[in-house]
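Here is a friendly briefing to read alongside the structure. Keep the 3D view open and find each spot as you go.

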Amino acid sequence: MNAIASTQNLGRMVIDVTESWGKAWIFLFHIIRGIFSRPFRFHLFMVQMYQIGVNSTLVIALIALFTGAVLAVQGEYTLAKFGATAYTGSAVALSLIRELGPVLTALMVIGRAGSAITAEIGIMRITEQIDALRSMAVDPIRYLMVPRFLAGLIAMPLLAGMSIVLGIFGGYIVGVGLLNLSAGTFMGQIYSAVTLTDIMSGFIKAIVFGFIFGWVSCFKGYNCGFGAVGVNKATTQSVVTASVAVLVIDYFLTSILTRIFLE
Amino acid sequence: MISIRDVHKSFGSQVVLNGISLEIQDGATTAIVGPSGVGKSVLIKLIMGILAPDSGEISIGDRVITAARSEAERNDIRAALGVLFQSAALFDSLSVYDNIAFPLTQRGRIKNDATQDRWSRLTKTEIHHRVMDMIEALSLEDYISNFPEEVSIGIRKRVGMARALITEPSVLLFDEPNTGLDPLVGQEVYDLIRSCRERWGFTGVVISHELPEVFQVSDRVAMLLNGGLIAEGTPQEMLASTNPAVQQFLNGRIDGPIKIQ
(Lines give C-alpha, C1' and ligand atoms only; values in the text may rest on other atoms or scores of the structure.)
Protein backbone atom coordinates (compact mmCIF):
# COMPACT_ATOMS: atom_id res chain seq x y z
CA MET A 1 0.00 0.00 0.00
CA ASN A 2 2.83 2.34 0.87
CA ALA A 3 4.46 1.75 -2.51
CA ILE A 4 1.16 2.52 -4.30
CA ALA A 5 0.62 5.68 -2.24
CA SER A 6 4.21 6.82 -2.90
CA THR A 7 3.81 6.19 -6.63
CA GLN A 8 0.53 8.12 -6.62
CA ASN A 9 2.14 11.03 -4.79
CA LEU A 10 5.08 11.03 -7.18
CA GLY A 11 2.73 10.93 -10.17
CA ARG A 12 0.66 13.77 -8.76
CA MET A 13 3.79 15.82 -8.13
CA VAL A 14 5.02 15.22 -11.71
CA ILE A 15 1.62 16.28 -13.10
CA ASP A 16 1.56 19.40 -10.89
CA VAL A 17 5.08 20.45 -11.88
CA THR A 18 4.40 19.81 -15.59
CA GLU A 19 1.12 21.76 -15.40
CA SER A 20 2.80 24.63 -13.59
CA TRP A 21 5.63 24.80 -16.17
CA GLY A 22 3.12 24.63 -19.01
CA LYS A 23 1.13 27.50 -17.53
CA ALA A 24 4.29 29.56 -17.03
CA TRP A 25 5.39 29.12 -20.68
CA ILE A 26 1.91 29.90 -22.03
CA PHE A 27 1.87 33.00 -19.81
CA LEU A 28 5.26 34.07 -21.23
CA PHE A 29 4.00 33.46 -24.77
CA HIS A 30 1.00 35.75 -24.09
CA ILE A 31 3.29 38.48 -22.69
CA ILE A 32 5.61 38.33 -25.70
CA ARG A 33 2.63 38.38 -28.07
CA GLY A 34 1.26 41.34 -26.07
CA ILE A 35 4.50 43.29 -26.57
CA PHE A 36 4.01 43.21 -30.32
CA SER A 37 0.29 43.99 -30.40
CA ARG A 38 -1.52 47.28 -30.06
CA PRO A 39 -2.32 49.32 -28.08
CA PHE A 40 1.10 49.96 -26.52
CA ARG A 41 0.46 51.83 -23.30
CA PHE A 42 3.58 53.99 -23.10
CA HIS A 43 2.53 55.90 -19.95
CA LEU A 44 2.07 52.61 -18.03
CA PHE A 45 5.52 51.50 -19.18
CA MET A 46 7.01 54.78 -17.92
CA VAL A 47 5.25 54.37 -14.55
CA GLN A 48 6.81 50.93 -14.20
CA MET A 49 10.24 52.23 -15.28
CA TYR A 50 9.93 54.68 -12.41
CA GLN A 51 8.74 52.04 -9.92
CA ILE A 52 11.30 49.38 -10.87
CA GLY A 53 14.16 51.57 -12.05
CA VAL A 54 14.19 54.96 -10.36
CA ASN A 55 12.88 53.70 -7.02
CA SER A 56 15.58 51.02 -6.88
CA THR A 57 18.53 53.32 -7.56
CA LEU A 58 19.27 54.37 -3.98
CA VAL A 59 19.41 50.89 -2.49
CA ILE A 60 21.41 49.54 -5.43
CA ALA A 61 23.81 52.49 -5.28
CA LEU A 62 24.46 51.87 -1.59
CA ILE A 63 25.01 48.15 -2.06
CA ALA A 64 27.25 48.73 -5.09
CA LEU A 65 29.43 51.26 -3.25
CA PHE A 66 30.00 48.96 -0.30
CA THR A 67 30.46 45.86 -2.45
CA GLY A 68 33.18 47.67 -4.40
CA ALA A 69 34.75 48.80 -1.13
CA VAL A 70 34.75 45.26 0.30
CA LEU A 71 36.17 43.85 -2.94
CA ALA A 72 39.02 46.39 -2.76
CA VAL A 73 39.85 45.42 0.84
CA GLN A 74 39.64 41.67 0.16
CA GLY A 75 41.46 41.99 -3.17
CA GLU A 76 44.29 44.01 -1.70
CA TYR A 77 44.62 41.52 1.22
CA THR A 78 44.76 38.48 -1.10
CA LEU A 79 46.94 40.04 -3.79
CA ALA A 80 49.40 41.33 -1.17
CA LYS A 81 50.32 37.69 -0.47
CA PHE A 82 51.59 37.46 -4.04
CA GLY A 83 53.01 40.96 -4.14
CA ALA A 84 50.43 41.90 -6.74
CA THR A 85 48.42 44.70 -5.08
CA ALA A 86 48.76 46.69 -8.31
CA TYR A 87 46.08 44.41 -9.77
CA THR A 88 43.48 45.38 -7.13
CA GLY A 89 41.72 47.76 -9.53
CA SER A 90 41.33 45.15 -12.27
CA ALA A 91 40.21 42.51 -9.73
CA VAL A 92 37.49 44.85 -8.44
CA ALA A 93 36.38 45.89 -11.93
CA LEU A 94 36.32 42.41 -13.47
CA SER A 95 34.45 40.94 -10.48
CA LEU A 96 31.85 43.67 -10.72
CA ILE A 97 31.46 43.77 -14.50
CA ARG A 98 31.39 40.02 -15.13
CA GLU A 99 29.61 38.81 -12.02
CA LEU A 100 28.68 40.83 -8.99
CA GLY A 101 27.19 43.89 -10.69
CA PRO A 102 24.47 42.03 -12.65
CA VAL A 103 23.86 39.35 -9.98
CA LEU A 104 23.61 41.65 -6.93
CA THR A 105 21.47 44.12 -8.89
CA ALA A 106 19.14 41.32 -9.98
CA LEU A 107 18.82 39.98 -6.43
CA MET A 108 18.09 43.45 -5.05
CA VAL A 109 15.53 44.30 -7.77
CA ILE A 110 13.84 40.92 -7.26
CA GLY A 111 13.66 41.50 -3.50
CA ARG A 112 12.44 45.07 -3.74
CA ALA A 113 10.42 45.47 -6.95
CA GLY A 114 9.67 41.80 -7.77
CA SER A 115 7.96 41.19 -4.45
CA ALA A 116 5.99 44.44 -4.89
CA ILE A 117 4.85 43.44 -8.39
CA THR A 118 3.75 39.98 -7.24
CA ALA A 119 1.90 41.40 -4.23
CA GLU A 120 0.23 44.15 -6.29
CA ILE A 121 -0.97 41.81 -9.04
CA GLY A 122 -1.93 39.18 -6.45
CA ILE A 123 -4.08 41.69 -4.56
CA MET A 124 -5.65 42.79 -7.84
CA ARG A 125 -6.46 39.12 -8.48
CA ILE A 126 -8.08 38.46 -5.09
CA THR A 127 -10.03 41.74 -5.08
CA GLU A 128 -11.46 40.93 -8.55
CA GLN A 129 -9.71 43.88 -10.22
CA ILE A 130 -8.31 41.53 -12.87
CA ASP A 131 -11.80 40.09 -13.48
CA ALA A 132 -13.04 43.70 -13.72
CA LEU A 133 -10.45 44.43 -16.42
CA ARG A 134 -11.59 41.42 -18.42
CA SER A 135 -15.25 42.32 -17.97
CA MET A 136 -14.42 45.73 -19.49
CA ALA A 137 -12.76 44.03 -22.48
CA VAL A 138 -9.26 45.04 -21.33
CA ASP A 139 -6.65 42.29 -21.60
CA PRO A 140 -4.88 42.11 -18.19
CA ILE A 141 -1.76 40.65 -19.82
CA ARG A 142 -1.35 43.69 -22.07
CA TYR A 143 -2.50 46.21 -19.47
CA LEU A 144 -0.66 44.90 -16.40
CA MET A 145 2.05 42.42 -17.40
CA VAL A 146 3.55 43.85 -20.59
CA PRO A 147 4.54 47.25 -19.07
CA ARG A 148 6.09 45.53 -16.01
CA PHE A 149 7.89 42.89 -18.07
CA LEU A 150 9.34 45.44 -20.52
CA ALA A 151 10.31 47.84 -17.74
CA GLY A 152 12.18 45.01 -15.94
CA LEU A 153 13.91 44.04 -19.16
CA ILE A 154 15.14 47.59 -19.78
CA ALA A 155 15.70 48.77 -16.20
CA MET A 156 17.84 45.78 -15.18
CA PRO A 157 20.81 46.45 -17.52
CA LEU A 158 20.66 50.17 -16.72
CA LEU A 159 20.71 49.48 -12.98
CA ALA A 160 23.47 46.89 -13.40
CA GLY A 161 25.53 49.45 -15.35
CA MET A 162 25.05 52.02 -12.61
CA SER A 163 25.89 49.41 -9.98
CA ILE A 164 29.17 48.51 -11.75
CA VAL A 165 30.27 52.15 -12.09
CA LEU A 166 29.47 52.92 -8.44
CA GLY A 167 31.08 49.67 -7.29
CA ILE A 168 34.32 50.59 -9.03
CA PHE A 169 34.04 54.06 -7.48
CA GLY A 170 33.62 52.48 -4.02
CA GLY A 171 36.65 50.28 -4.65
CA TYR A 172 38.63 53.30 -5.82
CA ILE A 173 37.81 55.32 -2.67
CA VAL A 174 38.90 52.48 -0.38
CA GLY A 175 41.83 51.30 -2.49
CA VAL A 176 43.32 54.72 -3.19
CA GLY A 177 42.02 56.66 -0.20
CA LEU A 178 42.46 54.14 2.62
CA LEU A 179 44.82 51.42 1.38
CA ASN A 180 47.22 53.88 -0.26
CA LEU A 181 47.18 52.23 -3.67
CA SER A 182 48.30 54.39 -6.56
CA ALA A 183 45.37 56.07 -8.31
CA GLY A 184 47.07 55.78 -11.69
CA THR A 185 47.83 52.09 -11.24
CA PHE A 186 44.33 51.35 -9.96
CA MET A 187 42.64 52.95 -12.99
CA GLY A 188 45.35 51.91 -15.45
CA GLN A 189 44.94 48.25 -14.54
CA ILE A 190 41.19 48.56 -15.09
CA TYR A 191 41.73 50.02 -18.58
CA SER A 192 44.19 47.31 -19.54
CA ALA A 193 42.31 44.33 -18.02
CA VAL A 194 38.70 45.03 -18.93
CA THR A 195 37.74 44.12 -22.50
CA LEU A 196 34.58 44.61 -24.51
CA THR A 197 33.72 40.93 -24.08
CA ASP A 198 33.68 41.38 -20.28
CA ILE A 199 31.23 44.24 -20.64
CA MET A 200 29.13 42.26 -23.15
CA SER A 201 29.08 39.32 -20.76
CA GLY A 202 27.74 41.46 -17.90
CA PHE A 203 25.24 43.18 -20.19
CA ILE A 204 23.82 39.89 -21.52
CA LYS A 205 23.50 38.56 -17.98
CA ALA A 206 21.61 41.68 -16.86
CA ILE A 207 19.14 41.35 -19.75
CA VAL A 208 18.53 37.66 -18.98
CA PHE A 209 18.04 38.46 -15.27
CA GLY A 210 15.59 41.23 -16.21
CA PHE A 211 13.67 38.70 -18.29
CA ILE A 212 13.51 36.23 -15.36
CA PHE A 213 12.51 39.01 -12.96
CA GLY A 214 9.54 40.12 -15.07
CA TRP A 215 8.39 36.64 -15.98
CA VAL A 216 8.47 35.16 -12.47
CA SER A 217 7.09 38.14 -10.54
CA CYS A 218 4.17 38.68 -12.96
CA PHE A 219 3.38 34.96 -13.26
CA LYS A 220 3.33 34.36 -9.50
CA GLY A 221 1.10 37.39 -8.91
CA TYR A 222 -1.31 36.49 -11.72
CA ASN A 223 -1.68 32.93 -10.44
CA CYS A 224 -1.79 33.68 -6.74
CA GLY A 225 -4.11 31.75 -4.42
CA PHE A 226 -6.98 32.96 -2.28
CA GLY A 227 -6.83 35.64 0.42
CA ALA A 228 -3.92 37.13 2.30
CA VAL A 229 -2.31 33.70 2.65
CA GLY A 230 -2.37 33.28 -1.13
CA VAL A 231 -0.66 36.65 -1.69
CA ASN A 232 1.86 35.89 1.06
CA LYS A 233 2.71 32.52 -0.50
CA ALA A 234 2.91 33.93 -4.04
CA THR A 235 5.22 36.77 -2.96
CA THR A 236 7.57 34.41 -1.10
CA GLN A 237 7.60 31.95 -4.00
CA SER A 238 8.24 34.77 -6.46
CA VAL A 239 11.32 36.06 -4.61
CA VAL A 240 12.72 32.59 -3.91
CA THR A 241 12.09 31.23 -7.42
CA ALA A 242 13.50 34.27 -9.21
CA SER A 243 16.55 34.51 -6.91
CA VAL A 244 17.41 30.82 -7.25
CA ALA A 245 16.82 30.98 -11.02
CA VAL A 246 19.18 33.97 -11.29
CA LEU A 247 21.97 32.16 -9.45
CA VAL A 248 21.52 28.87 -11.35
CA ILE A 249 21.26 30.57 -14.74
CA ASP A 250 24.24 32.75 -13.84
CA TYR A 251 26.42 29.64 -13.62
CA PHE A 252 25.29 28.32 -17.02
CA LEU A 253 25.53 31.76 -18.63
CA THR A 254 29.05 32.24 -17.27
CA SER A 255 30.11 28.86 -18.67
CA ILE A 256 28.50 29.46 -22.06
CA LEU A 257 29.61 33.09 -22.45
CA THR A 258 33.17 32.35 -21.36
CA ARG A 259 33.37 29.58 -23.96
CA ILE A 260 31.81 31.73 -26.70
CA PHE A 261 34.00 34.75 -26.04
CA LEU A 262 37.16 32.66 -25.64
CA GLU A 263 36.54 31.14 -29.05
CA MET B 1 -32.25 37.93 -23.57
CA ILE B 2 -29.62 35.91 -21.73
CA SER B 3 -30.04 32.23 -22.33
CA ILE B 4 -28.26 29.61 -20.20
CA ARG B 5 -28.68 26.09 -21.58
CA ASP B 6 -27.63 22.91 -19.77
CA VAL B 7 -24.47 24.40 -18.30
CA HIS B 8 -22.09 22.15 -16.37
CA LYS B 9 -19.05 23.34 -14.48
CA SER B 10 -16.70 21.47 -12.15
CA PHE B 11 -13.45 22.36 -10.43
CA GLY B 12 -11.47 19.15 -10.11
CA SER B 13 -13.80 16.59 -8.58
CA GLN B 14 -16.13 19.26 -7.19
CA VAL B 15 -19.26 19.68 -9.30
CA VAL B 16 -20.47 23.28 -8.97
CA LEU B 17 -23.11 23.57 -11.69
CA ASN B 18 -24.84 20.44 -12.91
CA GLY B 19 -26.97 21.18 -15.95
CA ILE B 20 -28.36 24.66 -15.23
CA SER B 21 -30.84 26.10 -17.75
CA LEU B 22 -32.33 29.57 -17.34
CA GLU B 23 -33.81 32.28 -19.56
CA ILE B 24 -33.35 35.90 -18.45
CA GLN B 25 -35.85 38.19 -20.16
CA ASP B 26 -34.92 41.54 -21.73
CA GLY B 27 -35.60 44.55 -19.54
CA ALA B 28 -36.32 42.46 -16.45
CA THR B 29 -34.16 41.95 -13.38
CA THR B 30 -33.58 38.36 -12.34
CA ALA B 31 -32.16 37.50 -8.94
CA ILE B 32 -30.13 34.31 -8.72
CA VAL B 33 -30.19 33.26 -5.09
CA GLY B 34 -28.92 30.40 -2.98
CA PRO B 35 -26.69 29.61 -0.04
CA SER B 36 -22.97 30.41 -0.12
CA GLY B 37 -20.90 28.08 -2.27
CA VAL B 38 -23.65 26.91 -4.65
CA GLY B 39 -21.99 28.47 -7.70
CA LYS B 40 -23.79 31.81 -8.06
CA SER B 41 -20.58 33.76 -8.63
CA VAL B 42 -19.31 31.00 -10.94
CA LEU B 43 -22.48 31.41 -13.01
CA ILE B 44 -21.96 35.17 -13.32
CA LYS B 45 -18.34 34.59 -14.42
CA LEU B 46 -19.59 32.12 -17.01
CA ILE B 47 -22.00 34.77 -18.34
CA MET B 48 -19.09 37.24 -18.53
CA GLY B 49 -16.97 34.69 -20.37
CA ILE B 50 -14.26 34.86 -17.69
CA LEU B 51 -14.74 31.15 -17.01
CA ALA B 52 -15.63 28.55 -19.63
CA PRO B 53 -18.27 25.88 -18.90
CA ASP B 54 -17.38 22.20 -19.18
CA SER B 55 -20.45 21.83 -21.39
CA GLY B 56 -23.58 23.79 -22.25
CA GLU B 57 -24.17 27.14 -23.89
CA ILE B 58 -24.68 30.74 -22.78
CA SER B 59 -25.88 33.40 -25.19
CA ILE B 60 -26.37 37.14 -24.79
CA GLY B 61 -28.81 38.40 -27.37
CA ASP B 62 -28.20 36.23 -30.39
CA ARG B 63 -24.47 35.82 -29.73
CA VAL B 64 -23.15 32.72 -27.98
CA ILE B 65 -20.34 33.80 -25.64
CA THR B 66 -19.40 30.20 -24.85
CA ALA B 67 -18.79 29.56 -28.56
CA ALA B 68 -16.47 32.58 -28.96
CA ARG B 69 -13.15 31.30 -30.24
CA SER B 70 -10.96 34.21 -29.23
CA GLU B 71 -10.69 36.77 -26.45
CA ALA B 72 -11.35 39.48 -29.06
CA GLU B 73 -14.64 37.84 -29.96
CA ARG B 74 -15.58 37.52 -26.26
CA ASN B 75 -14.63 41.18 -25.75
CA ASP B 76 -16.97 42.12 -28.56
CA ILE B 77 -19.84 40.36 -26.77
CA ARG B 78 -18.78 41.77 -23.38
CA ALA B 79 -19.31 45.26 -24.79
CA ALA B 80 -22.99 44.72 -24.03
CA LEU B 81 -22.25 43.90 -20.37
CA GLY B 82 -21.57 45.96 -17.29
CA VAL B 83 -20.61 44.41 -13.96
CA LEU B 84 -20.86 45.64 -10.38
CA PHE B 85 -18.50 43.40 -8.42
CA GLN B 86 -18.96 42.29 -4.83
CA SER B 87 -16.16 44.55 -3.55
CA ALA B 88 -16.76 47.09 -6.36
CA ALA B 89 -13.28 46.07 -7.68
CA LEU B 90 -12.19 49.66 -8.24
CA PHE B 91 -8.60 50.24 -9.33
CA ASP B 92 -6.64 51.48 -6.29
CA SER B 93 -4.21 53.52 -8.36
CA LEU B 94 -6.93 55.52 -10.13
CA SER B 95 -9.11 58.33 -8.80
CA VAL B 96 -12.90 58.09 -8.75
CA TYR B 97 -13.03 60.08 -12.01
CA ASP B 98 -10.45 57.88 -13.72
CA ASN B 99 -12.16 54.70 -12.50
CA ILE B 100 -15.44 55.82 -14.05
CA ALA B 101 -13.74 56.95 -17.27
CA PHE B 102 -11.64 53.76 -17.51
CA PRO B 103 -13.87 51.67 -19.83
CA LEU B 104 -14.22 54.58 -22.24
CA THR B 105 -10.57 55.64 -22.21
CA GLN B 106 -9.44 52.05 -22.78
CA ARG B 107 -11.89 51.26 -25.55
CA GLY B 108 -12.18 54.75 -27.02
CA ARG B 109 -15.51 53.72 -28.51
CA ILE B 110 -18.94 52.65 -27.37
CA LYS B 111 -21.40 49.96 -28.38
CA ASN B 112 -24.82 49.66 -26.82
CA ASP B 113 -26.07 46.33 -28.00
CA ALA B 114 -24.32 43.01 -28.51
CA THR B 115 -26.55 42.31 -31.49
CA GLN B 116 -25.44 45.46 -33.31
CA ASP B 117 -22.09 45.84 -34.99
CA ARG B 118 -22.11 49.62 -34.99
CA TRP B 119 -19.55 51.38 -32.81
CA SER B 120 -19.23 55.08 -32.11
CA ARG B 121 -15.76 56.56 -31.66
CA LEU B 122 -15.42 58.98 -28.75
CA THR B 123 -13.17 62.01 -28.50
CA LYS B 124 -11.52 62.99 -25.20
CA THR B 125 -14.05 65.81 -24.81
CA GLU B 126 -16.96 63.45 -25.37
CA ILE B 127 -15.54 61.03 -22.82
CA HIS B 128 -15.17 63.86 -20.30
CA HIS B 129 -18.78 64.99 -20.85
CA ARG B 130 -20.08 61.43 -20.48
CA VAL B 131 -18.09 60.90 -17.26
CA MET B 132 -19.25 64.20 -15.77
CA ASP B 133 -22.88 63.39 -16.68
CA MET B 134 -22.55 60.02 -14.95
CA ILE B 135 -20.89 61.60 -11.90
CA GLU B 136 -23.77 64.06 -11.65
CA ALA B 137 -26.41 61.35 -12.17
CA LEU B 138 -25.00 59.28 -9.32
CA SER B 139 -24.23 62.28 -7.06
CA LEU B 140 -20.50 61.66 -6.95
CA GLU B 141 -19.40 65.29 -7.49
CA ASP B 142 -17.74 65.52 -4.06
CA TYR B 143 -15.49 62.52 -4.66
CA ILE B 144 -14.10 63.11 -8.16
CA SER B 145 -10.45 63.36 -7.14
CA ASN B 146 -10.58 60.92 -4.22
CA PHE B 147 -9.00 57.48 -4.45
CA PRO B 148 -11.05 54.35 -3.64
CA GLU B 149 -9.47 53.84 -0.20
CA GLU B 150 -10.50 57.39 0.77
CA VAL B 151 -14.24 56.85 0.34
CA SER B 152 -16.80 54.69 2.15
CA ILE B 153 -17.91 51.30 0.84
CA GLY B 154 -21.29 52.78 -0.14
CA ILE B 155 -19.59 55.41 -2.32
CA ARG B 156 -17.30 52.74 -3.78
CA LYS B 157 -20.37 50.75 -4.82
CA ARG B 158 -21.80 53.87 -6.42
CA VAL B 159 -18.53 54.45 -8.30
CA GLY B 160 -18.57 50.79 -9.36
CA MET B 161 -22.12 51.30 -10.62
CA ALA B 162 -21.08 54.44 -12.53
CA ARG B 163 -18.16 52.55 -14.10
CA ALA B 164 -20.47 49.69 -15.09
CA LEU B 165 -23.04 52.08 -16.61
CA ILE B 166 -20.67 54.44 -18.43
CA THR B 167 -20.67 52.33 -21.61
CA GLU B 168 -24.49 52.15 -21.48
CA PRO B 169 -24.62 48.36 -21.47
CA SER B 170 -27.82 46.49 -22.26
CA VAL B 171 -27.13 43.97 -19.47
CA LEU B 172 -25.89 44.74 -15.96
CA LEU B 173 -24.61 41.98 -13.68
CA PHE B 174 -24.53 42.51 -9.91
CA ASP B 175 -22.39 40.10 -7.92
CA GLU B 176 -23.65 40.13 -4.31
CA PRO B 177 -24.12 43.92 -4.29
CA ASN B 178 -24.94 44.05 -0.57
CA THR B 179 -22.46 41.67 0.96
CA GLY B 180 -20.65 43.20 3.94
CA LEU B 181 -22.82 46.32 4.06
CA ASP B 182 -24.88 47.52 6.99
CA PRO B 183 -28.69 47.56 6.41
CA LEU B 184 -28.81 51.30 5.66
CA VAL B 185 -26.05 51.23 3.06
CA GLY B 186 -27.51 47.96 1.75
CA GLN B 187 -30.87 49.65 1.20
CA GLU B 188 -29.07 52.57 -0.48
CA VAL B 189 -27.54 50.12 -2.98
CA TYR B 190 -30.94 48.59 -3.74
CA ASP B 191 -32.40 52.08 -4.25
CA LEU B 192 -29.48 52.85 -6.55
CA ILE B 193 -30.11 49.70 -8.62
CA ARG B 194 -33.79 50.57 -8.90
CA SER B 195 -33.24 54.21 -9.88
CA CYS B 196 -30.51 53.31 -12.39
CA ARG B 197 -32.74 50.68 -13.97
CA GLU B 198 -35.54 53.21 -14.32
CA ARG B 199 -33.19 55.67 -16.00
CA TRP B 200 -31.08 53.34 -18.20
CA GLY B 201 -33.49 50.43 -18.65
CA PHE B 202 -30.97 47.60 -18.62
CA THR B 203 -31.57 43.89 -18.17
CA GLY B 204 -30.35 43.04 -14.67
CA VAL B 205 -28.94 39.88 -13.10
CA VAL B 206 -28.46 40.11 -9.34
CA ILE B 207 -26.53 37.42 -7.49
CA SER B 208 -27.50 37.44 -3.82
CA HIS B 209 -28.15 35.38 -0.74
CA GLU B 210 -30.10 38.12 0.98
CA LEU B 211 -33.73 37.11 1.07
CA PRO B 212 -36.27 38.60 0.95
CA GLU B 213 -34.45 41.98 0.59
CA VAL B 214 -33.31 41.25 -2.97
CA PHE B 215 -36.94 40.77 -4.04
CA GLN B 216 -37.45 44.57 -4.04
CA VAL B 217 -35.27 44.87 -7.18
CA SER B 218 -36.28 41.56 -8.80
CA ASP B 219 -38.89 40.74 -11.40
CA ARG B 220 -37.93 37.05 -11.38
CA VAL B 221 -36.04 34.88 -8.90
CA ALA B 222 -34.11 31.65 -9.55
CA MET B 223 -32.75 29.57 -6.68
CA LEU B 224 -29.67 27.35 -7.01
CA LEU B 225 -28.91 24.41 -4.77
CA ASN B 226 -26.62 21.39 -5.10
CA GLY B 227 -25.55 22.36 -8.61
CA GLY B 228 -29.11 22.66 -9.96
CA LEU B 229 -31.94 25.14 -10.31
CA ILE B 230 -34.53 24.12 -7.71
CA ALA B 231 -37.09 26.93 -8.06
CA GLU B 232 -37.92 29.81 -10.37
CA GLY B 233 -40.67 32.38 -10.42
CA THR B 234 -41.72 35.87 -9.40
CA PRO B 235 -40.85 37.03 -5.87
CA GLN B 236 -44.48 36.41 -4.86
CA GLU B 237 -44.34 32.86 -6.23
CA MET B 238 -41.11 32.23 -4.34
CA LEU B 239 -42.65 33.54 -1.10
CA ALA B 240 -45.60 31.21 -1.61
CA SER B 241 -43.45 28.25 -2.68
CA THR B 242 -44.02 24.94 -0.91
CA ASN B 243 -40.52 23.74 -1.73
CA PRO B 244 -39.00 23.01 1.71
CA ALA B 245 -35.53 24.19 0.61
CA VAL B 246 -36.93 27.54 -0.58
CA GLN B 247 -38.88 27.99 2.66
CA GLN B 248 -35.87 27.00 4.78
CA PHE B 249 -33.67 29.51 2.94
CA LEU B 250 -36.32 32.26 3.06
CA ASN B 251 -36.88 31.83 6.77
CA GLY B 252 -33.21 31.27 7.63
CA ARG B 253 -33.88 27.97 9.44
CA ILE B 254 -31.02 25.63 10.27
CA ASP B 255 -33.15 22.47 10.03
CA GLY B 256 -34.21 21.37 6.57
CA PRO B 257 -32.96 19.96 3.29
CA ILE B 258 -30.19 22.58 2.95
CA LYS B 259 -27.14 21.36 4.84
CA ILE B 260 -24.80 24.07 6.13
CA GLN B 261 -21.28 23.37 4.83
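The lining of the second largest pocket is made up of 10 nonpolar, 8 polar and 2 charged residues. Please remember that you are looking at a predicted model. From this pocket we move on to the nonpolar cores, some backbone details and the confidence scores.

**The second largest pocket**

- This pocket holds about 440 Å³ of space.
- Its lining consists of 20 residues, and those nearest the centre are Pro35(B), Ser36(B), Leu225(B), Ile258(B) and Lys259(B).
- In chain B, β2 (14–24) and α8 (244–251) each provide at least two of the lining residues.
- β2(B) has the largest share of the lining, with 3 residues.

**The nonpolar cores**

- In soluble globular proteins, nonpolar side chains tend to be buried together.
- The largest nonpolar core here contains 131 residues, and Ile4(B), Ile100(B) and Met161(B) have the most contacts inside it.
- Helix α6 of chain A (residues 140–178) gives the most to this core, namely 11 residues.
- Another core, of 15 residues, lies apart from the largest one, and its members include Ala72(A), Ala93(A), Phe186(A) and Val194(A).
- Which residues does Met161(B) touch, leaving out those up to four places away in sequence? Its partners are Leu84(B), Leu138(B), Leu172(B), Phe174(B), Leu192(B), Ile193(B) and Cys196(B).

**Backbone details in chain B**

- Leu211(B) and Pro212(B) are joined by a cis peptide bond, with omega at about 0 degrees.
- You can find Pro212(B) in the loop between β10 (203–208) and β11 (220–225) of chain B.
- Asp6(B) is a residue other than glycine with a positive phi, near 50 degrees, and Asp6(B) sits in strand β1 (residues 2–11) of chain B.
- Ser139(B) has a relative accessible area of 43%, so Ser139(B) is partly exposed.

**Confidence in the model**

- The model has an ipTM of 0.84 and a pTM of 0.85.
- Chain B has an average pLDDT of 87, and 94% of its residues score at least 70.
- Among the elements of chain B, strand β4 (residues 55–60) has the highest mean pLDDT, 93, while strand β7 (residues 109–110) has the lowest, 62.

Note on methods:
Residues are numbered from 1 along each chain as its sequence is written. Chains are lettered from A and ligands numbered from 1 in the order in which they are written. This is a predicted model: local features need pLDDT of at least 70, side-chain atom pairs count only at pLDDT 80 or more; totals for chains, interfaces and linings use all residues. Side-chain values use heavy atoms; hydrogens and water are left out. pLDDT is the predictor's confidence in each residue, from 0 to 100. Helices (H or I, at least four residues) and strands (E, at least two) are DSSP runs, numbered from the N terminus. On a 1 Å grid over the protein atoms alone, a cavity is a set of points where a 1.4 Å probe fits but cannot get out, and a pocket is an open set with protein on both sides within 12 Å along at least five of seven lines; lining residues have an atom within 4 Å of a point. Grid points are joined across faces, edges and corners, and a volume is the space filled by probe spheres set on the points. Ala, Val, Leu, Ile, Met, Phe, Trp, Tyr, Cys and Pro count as nonpolar, Asp, Glu, Lys and Arg as charged, and the others, Gly among them, as polar. A nonpolar core is a set of buried Ala, Val, Leu, Ile, Met, Phe, Trp, Tyr and Cys residues joined through side-chain atoms within 4.5 Å. Buried means under 20% relative accessible area, exposed over 50%, partly exposed in between (1.4 Å probe, protein chains only). Contact means heavy atoms within 4.5 Å.
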